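Visitor: Please pick one part of this structure and take me through it closely.

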Amino acid sequence: MAQTQKVVYTTKGTCARSISFERDSENKIYNIAFEGGCNGNLKAIAKLCEGMTGEEIAAKLLGNLCGTKGTSCADQLAKAVTQK
């Protein structure tokens, strides 16, 4: 079993307060969970991104905006998974 790193990222500017996930040695992301936010939509995003690399997630989600907030939960996930 590959070694994993548990990450908890505090979001900025979104309804979700934090995002937790695990990153393996190949930068693949697993067990994504949002605290707060739009439950159904965020569960769907987590399922769709499961097993993708941080770079793949960022390529799809970075810059996705929610209304006039200047960010979104998806955008914050992209930032979280590319942070070292």
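Guide: Here is a close look at one helix and its surroundings. The model is predicted: local features need pLDDT of at least 70, side-chain atom pairs 80 or more, while totals for chains, interfaces and linings use all residues. Residues are numbered from 1 along each chain as its sequence is written, and side-chain values use heavy atoms, without hydrogens or water.

Start with α3 (73–82), a helix (a DSSP run of H or I, at least four residues). Its partner is α2, residues 54–61. The two axes (lines fitted to C-alpha atoms over the stretch in contact) come within 8 Å and cross at roughly 150°. The helices are therefore roughly antiparallel (over 145 degrees). In the contact (heavy atoms within 4.5 Å), α2 supplies Gly-54, Ile-57, Ala-58 and Leu-61. From α3 come Ala-74, Asp-75, Leu-77, Ala-78, Val-81 and Thr-82. By class, that is seven nonpolar, two polar and one charged.

Now the largest pocket. α1 gives the most, with three. The lining holds seven nonpolar, five polar and one charged residues.

Notes
Helices (H or I, at least four residues) and strands (E, at least two) are DSSP runs, numbered from the N terminus. Ala, Val, Leu, Ile, Met, Phe, Trp, Tyr, Cys and Pro count as nonpolar, Asp, Glu, Lys and Arg as charged, and the others, Gly among them, as polar. Axes are lines fitted to C-alpha atoms, for helices over the stretch in contact, and angles run from 0 to 180 degrees between N-to-C directions. Angles under 35 degrees count as roughly parallel, over 145 as roughly antiparallel, 65 to 115 as roughly perpendicular and the rest as oblique.
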